[in-house]
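Dear colleague,

I am handing over the structure below, and my notes on what was found in it follow. Please read them with the model open beside you.

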Amino acid sequence: MTGTIYVVGFGPGHEEHLTGRARNALVASDTIIGYNTYIDLIRPLLTGQEIVRTGMTEEVSRAQKAVQLAEEGHQVAVISSGDAGVYGMAGLVYEVLVSRGWQSGDHPNVEVIPGISAIQSCASLLGAPVMHDACTISLSDHLTPWEVIAKRIEAAAAADFVIALYNPKSGRRTRQIVETQRILLEHRDPNTPVGIVKSAYRKGEQVVRTTLVDMLEHDIGMLTTVLIGNSQTFFHGPLMITPRGYERKYTLDTVTQRLRPGERLHVENEPWSLAATAPKASRSTPPISETPSPTHRQEPSNRSTLTARDWADAALARIAGLRPSTAEATARAAGGAIGSVATIPAQTRQAAMFEVAVSPGVANKRITTEQLLLLAEIAGETGSVEYTPAHQLILRARTLDAAALVGRLEAVGLVVQPVGEVVRVKACDFCDGDKAEGIPYAEEIHRRLAGLGVEKELRIGFNGCAMSCYGAVHEDIGIVFRKGKVDLFLGGKTTGRNAMPAQRVAEAIPAEVVPDLLERIVQRYRAEAFPNERFHKFFQRVGVLEGYAHKDAPAAVVADGVCGT
Ligand code: SF4
């Protein structure tokens, strides 16, 4: 039997917003693959299909499973909320197929079934904010570097797009939305209308109307989409509305319009158009290959309206860190000509926000006054210091010289580590040094492994005695030091509703061999983990690490199937 993969966008979540084609595809499938919460959302529509449900961030595993089953001849529905082709599973399914040499038309068949994306469902709840050019920007920097995201925000803000912010904030990703507001306020009026929609058309739906300057006063989280209006957007009572154009070419209180349809395209009625602003001698647009680069083009002659090219140049200049001078801004306001990128005089390159994890030591938990004062000085007015469960402080500060900043921190005895998807080594305080025998081993493990880049953050916990009061066994890898020997725990699931401790895979390993042993385990994880695969999943998949076998945890008794909220 020919296998098929239906990549189904099921919309916001309410059954009434599911398309007929999506419903038919679910019925025609023998297997449904999806994220736990999404499976629960479509559960009323299921008719006995086999369910493959996985956690968040396991999209690659879901796509691989779908391809494997479809190659065996199954009819598989891979479900995404919203639209499967907008931040959904469609691209990933194709990526997995392409990596296996699949061509369009080959077995298995693939059908991408569209759904209603969040920008549409949230817009309908707010009124009509997406009536003009709009863009979506995900603030999640898990798969996209923040520098790239920030450039997109900057460009969209400068070009006056209505902007839908997806994934604006999560429990651990909090500063992106703050930084986004800062960038937007450089380009938009503080009173720009903003709509904040949580769980559109689902249980717990919330709709908030606010302004750009006040948006952070409201609850924003994983289930929220934030819609930023453009310069023309307005509130009318509870409705957020964006006009269709920048200049009234239609009147709403008469039947006979000021401009007949054909006249709308006349140059005099479109003072901003390329045709209206092109040099008189040459109205035709040169072929793209002959279009002069911004640095070589002629400066536009004095005229009252800026061309689209001028706006684009200004946006590009901002992205490149070049900012127009005050004099130039004044000239713009007066309707004067602006220079090309090369002639913009002020180069006030902004300091980047730098982020590092610092701690007073592996076993030492006491921060000195000198260290605290230095952290406060470096953070200053615009930075921050955040305490984390990993016994570290996350320092965020603006700087143009990250190396010098790290040097200052290390000079006062602070241990500096990168943030993000790295190995973290968290030890107890060894009873304030009274049980110091294990400290050299903890420090050696820290020296070798802490800060190494991995697919997903890998936490190694180290307890200095069998009392285990610092909970090392709840980490990805746990070490319990006992009189020169070590008990080893592997594969803890540190977060999520089915979090569980690691498995005790060995007892009384000589402590001297443990740093080498851990290094081999971590290096194998670094080399062989799938994208975004957490260590406990990796251990489960490979089955054996350094001779230690994975054992499945006993299944929990399910008293209530509802989850994910
Ligand atoms: S785990 Fe043991 S050595 Fe470490 S702080 Fe607790 S009691 Fe002290």
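**The nonpolar cores**

The largest nonpolar core has 39 residues, and those with the most contacts inside it are Val-425, Ile-460, Phe-462 and Ile-479. A nonpolar core here is a set of buried Ala, Val, Leu, Ile, Met, Phe, Trp, Tyr and Cys residues joined through C-beta atoms within 7 Å; a residue is buried if 20 or more other C-beta atoms lie within 10 Å of its own, exposed if 12 or fewer, and partly exposed in between, with C-beta atoms placed from the backbone. At least two residues of this core come from each of β18 (423–427), α13 (439–449), β19 (458–463), β20 (477–482), β21 (485–490), α14 (514–528) and α15 (535–542), where helices (H or I, at least four residues) and strands (E, at least two) are DSSP runs numbered from the N terminus. A second, separate core of 33 residues includes Tyr-6, Tyr-38, Ala-70 and Val-76.

This is a predicted model, in which local features need pLDDT of at least 70 and side-chain atom pairs count only at pLDDT 80 or more, while totals for chains, interfaces and linings use all residues. Residues are numbered from 1 along each chain as its sequence is written.

**The chain and helix α6**

The protein chain has 15 helices and 24 strands, and of its 565 residues 32% count as buried. In α6, the buried residues include Ala-150, Ile-153 and Ala-156, and just after this helix Asp-160 takes a positive phi of about 65°.

With best regards
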